[in-house]
Amino acid sequence: MKVIKILFAFLVANSAMLIASEPQFINKLKSDAIAGNATAQCNLGVSYMEVARSRKDYTEAVKWFRKAADQGNAQARTNLGLACLFGQGVKENKLEAVKLFRIAAEQGNPTAQLYLGIGYLLGEGIAQSNAEAVKWIRKSANQSLKSQFPGFAEAQTMLGLCYKSGCEVPKNDFLAAKWFRKAAVAGNAAAECELGYCYYNGRGVKKDEVEAAKWFLRSAKQGNPKAQWCIGTSFAKGYGVEKNEVESVEWFKKAAKNGDLLGMFSLAYHYAAGRGIKPNQAEAIKWYRKAAFLGLPDAQFIMGLRYESGNGVKKDLVEAYAYYRLAESKNKEAKEALEKLSKIMTEKQITKGKKRFKNLDSMITNLKNIKLQ
């Protein structure tokens with residue numbers, strides 16, 4: 001759902017650029033729209049949608065989208081579908097949104113094809129189907145080879161991800177890198193990061209750490225949290241760039257504050273070790289704890305070690321037991337540490353540890369559910 005909202009904002013912003021900057025053009029649009037020109041009606045709706053952002057009144061925009069859609073305008077149907085999807089100017093109706101996307105997609109509208117594909121991917125307003133999702137995303141991406149449209153780079157990125165994972169298409173690193181490159185050249189931050197991964201791992205392209213760092217940095221500057229962690233790691237290790245731990249910490253800070261778990265973990269490590277920043281155990285614990293609460297097994301293991309030894313926190317074997325339990329299924333060291341710790345704990349402590357584990361596990365599950373909404 002978040003992806004679709006971003007694409008919708010992209011669509012409106014780019015469609016409204018010319019309209020919003022030319023008052024005389026708006027007057028001409030109104031005149032043509034009233035006269036029944038479907039394209040003018042659609043564009044007038046977009047201009048009203050831009051204005052509606054500030055006052056949260058989408059009624060006028062929807063009115064013109066509907067008029068144009070009734071005349072068969074595919075872009076208007078796409079825009080009206082998005083209004084239905086988010087309940088903007090009309091009652092929220094995901095089934096109606098998908099219906100409009102499908103009609104516009106079958107008319108050949110590449111933006112509608114993309115949104116229909118995402119709908120199938122997420123199971124929003126229609127039964128989830130990876131096969132149908134890839135079918136429509138591929139149609140949209142292929143049209144991007146002929147012309148650019150709102151959301152074209154996103155379609156290319158998503159098709160690249162399909163080839164990367166082998167989702168309903170044969171896994172193909174070369175084709176994944178090809179589509180990532182097209183979207184990355186167009187400035188898509190997610191594609192820039194993925195292309196960086198391709199170069200770093202030599203997947204679909206020749207391994208090249210310098211190229212990897214270049215694309216990670218481009219993506220990171222656009223605010224992509226994963227890329228911020230990647231370029232931070234590049235600076236920390238000297239991968240493709242000159243080693244600079246001070247610079248790496250700055251990127252880890254950005255990644256951590258933007259919610260990246262590995263960014264949190266790396267920042268915590270640098271605070272703990274005093275690498276590129278003054279040692280600060282309180283900050284280290286803060287970021288290890290945040291990553292642990294958000295479900296990162298390595299951070300949960302470290303918190304267990306900290307509580308077992310009393311390093312940076314008050315020694316507490318019950319807490320250590322609970323954190324080791326959280327991490328044990330995905331962290332071999334945590335499982336071994338739990339076995340050793342259990343041998344020196346009393347039955348009463350273990351009982352408390354099990355209760356504390358259940359409480360922490362429940363809290364982490366709730367946090368994950370909130371994050372997914």
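Biologist: How many helices and how many strands does the secondary structure of the protein come to?

Modeller: The C-alpha trace of this predicted model spans about 85 × 45 × 40 Å along its principal axes. Within that span, the secondary structure comes to 20 helices and 0 strands.

Biologist: What percentage of the residues of the protein count as buried?

Modeller: A residue is called buried when its relative accessible area is under 20%. Of the 373 residues of the protein, the share that counts as buried is 46%.

Biologist: How many salt bridges does a search of the whole structure find?

Modeller: Side chains of opposite charge can pair when their charged atoms come close. A salt bridge requires a side-chain nitrogen of Lys or Arg within 4 Å of a carboxyl oxygen of Asp or Glu. A search of the whole structure with this criterion finds 12 salt bridges.

Biologist: How many residues apart in sequence are the parts that the pair R203 and D173 ties together?

Modeller: The side chains of R203 and D173 meet in a salt bridge, with N to O at 2.9 Å. R203 lies in the loop between α11 and α12, whereas D173 lies in helix α10, so the pair ties together parts whose separation in sequence is 30 residues.

Biologist: Which residue forms a salt bridge with K214?

Modeller: K214 is partly exposed, at 32% relative accessibility. The closest N and O atoms of the pair are 3.3 Å apart, and the partner is E211.

Biologist: In which helix do K286 and E283 lie?

Modeller: K286 and E283 form a salt bridge, with their closest N and O atoms 3.6 Å apart. K286 is partly exposed at 35% relative accessibility, and E283 is partly exposed at 22%. Being 3 residues apart, they are separated by about one helical turn of helix α16.

Biologist: Which side chain of opposite charge is nearest to E192, and how far away is it?

Modeller: E192 is in helix α11, and its side chain reaches the backbone nitrogen of S219 at 3.2 Å. E192 is buried yet has no salt bridge. A salt bridge needs the charged atoms within 4 Å. The nearest side chain of opposite charge to E192 is R218, at 5.5 Å.

Biologist: What is the phi of E168?

Modeller: Most residues other than glycine have a negative phi. E168 lies in the loop between α9 and α10. Although E168 is not a glycine, its phi is positive, at about 65°.

Biologist: What distance separates the C-alpha atoms of Y115 and G151?

Modeller: Y115 is in helix α7 and counts as buried, at 2% relative accessibility. Y115 and G151 are 36 residues apart along the chain, and their C-alpha atoms are separated by 9.2 Å.

Biologist: What distance separates the C-alpha atoms of V46 and V185?

Modeller: V46 lies in helix α3 and is buried, at 6% relative accessibility. V46 and V185 are 139 residues apart along the chain, and the separation of their C-alpha atoms is 27 Å.

Biologist: Which helix supplies the largest share of the lining of the second largest pocket?

Modeller: The second largest pocket has a volume of about 220 Å³. Of the 13 residues that line it, the closest to its centre are G295, Q300, L326, D361 and K368. Helices α17, α18 and α20 each supply at least two residues of this lining. The largest share, 5 residues, comes from α20.

Biologist: How many nonpolar, polar and charged residues does the lining of the second largest pocket have?

Modeller: The lining of the second largest pocket can be sorted by residue class, with Gly placed among the polar residues. On that basis, the lining has 5 nonpolar, 4 polar and 4 charged residues.

Definitions and conventions: Residues are numbered from 1 along each chain as its sequence is written. This is a predicted model: local features need pLDDT of at least 70, side-chain atom pairs count only at pLDDT 80 or more; totals for chains, interfaces and linings use all residues. Side-chain values use heavy atoms; hydrogens and water are left out. On a 1 Å grid over the protein atoms alone, a cavity is a set of points where a 1.4 Å probe fits but cannot get out, and a pocket is an open set with protein on both sides within 12 Å along at least five of seven lines; lining residues have an atom within 4 Å of a point. Grid points are joined across faces, edges and corners, and a volume is the space filled by probe spheres set on the points. Helices (H or I, at least four residues) and strands (E, at least two) are DSSP runs, numbered from the N terminus. Buried means under 20% relative accessible area, exposed over 50%, partly exposed in between (1.4 Å probe, protein chains only). Lys and Arg count as positive and Asp and Glu as negative; His and the chain ends are not counted. A polar contact is a pair of N or O atoms within 3.5 Å; within protein, one must be able to donate a hydrogen and the other to accept it, and residues adjacent in sequence count only if both atoms are side-chain atoms.
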